[in-house]
Amino acid sequence: MAQISRIKLRPEVWEKIFDLFSKTLAGITDKKVLNSFMEDFFTPTERIMFAKRIAVAVLLAKDNNYSTIRTMIKVSPSTITKISNILKSDRSGLKEIVTK
């Protein structure tokens, strides 16, 4: 499980760090380079976790039920519920990606 320092960053520092992270990912347009970056940067567990979450979102958007998703993706009901709640909320980031 990933660990985060208990020492909080100042909001402006966090914003700059996250902006750098977002710009880095958005700037990678070559699939081979992106895959290589993800292999270097994320642990195998993190890559699996992110990929499964996106797969759950896509399957939910295609009206698959929880049981089917659990069997296909091997995730817990709480993971499916978390993703489902995000898709049903006013937040648009995940919805926008899933519809593409």
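Read along the sequence, this protein follows the pattern α-α-α-α-α-α. In other words, the protein has six helices and zero strands; helices (H or I, at least four residues) and strands (E, at least two) are DSSP runs, numbered from the N terminus. What you are looking at is a predicted model, in which local features need pLDDT of at least 70, side-chain atom pairs count only at pLDDT 80 or more, and totals for chains, interfaces and linings use all residues. Residues are numbered from 1 along each chain as its sequence is written, and side-chain values use heavy atoms, with hydrogens and water left out.

Taken along the principal axes, the C-alpha atoms fill a box of roughly 40 × 35 × 25 Å. Of the 100 residues in the protein, 15% are buried. Here buried means under 20% relative accessible area, exposed over 50%, and partly exposed in between, using a 1.4 Å probe and protein chains only. Now consider contacts (heavy atoms within 4.5 Å). Among contacts between residues at least 6 apart in sequence, 25% join residues at least 24 apart.

Next, turn to helix α5, residues 77–88. Its 12 residues should span 16 Å at 1.5 Å a residue, and its end C-alpha atoms are 16 Å apart, which agrees. The expected span is 1.5 Å times one less than the number of residues. Which residues of α5 are buried? They are Ile80, Ile83, Ser84, Ile86 and Leu87. Seen down the axis of α5, these buried residues fall within an arc of 160 degrees, so they line one face of the helix. The arc is that of the directions from the helix axis to the C-beta atoms. On the face turned away from the buried side, α5 carries the exposed residues Ser78 and Lys88.

Now for the open space in the model. The largest pocket has a volume of about 1400 Å³. Of the 26 residues that line this pocket, the closest to its centre are Phe21, Phe42, Met49, Phe50 and Arg53. On a 1 Å grid over the protein atoms alone, a pocket is an open set of points where a 1.4 Å probe fits, with protein on both sides within 12 Å along at least five of seven lines, and lining residues have an atom within 4 Å of a point. Grid points are joined across faces, edges and corners, and the volume is the space filled by probe spheres set on the points. Helices α1 (11–26), α2 (31–41), α3 (44–61) and α6 (93–99) each supply at least two residues of the lining. Which helix gives the most to the lining? That is α3, with eight residues. By class, the lining has 18 nonpolar, five polar and three charged residues. Ala, Val, Leu, Ile, Met, Phe, Trp, Tyr, Cys and Pro count as nonpolar, Asp, Glu, Lys and Arg as charged, and the others, Gly among them, as polar.

Finally, visit two loops. Aspartate 63, in the loop between α3 and α4, has a positive phi of about 65 degrees although it is not a glycine. Aspartate 63 is exposed, with a relative accessible area of 71%. Lysine 74 is found in the loop between α4 and α5, and its phi is near 60 degrees, again a positive value in a residue other than glycine. Lysine 74 is exposed, with a relative accessible area of 59%.
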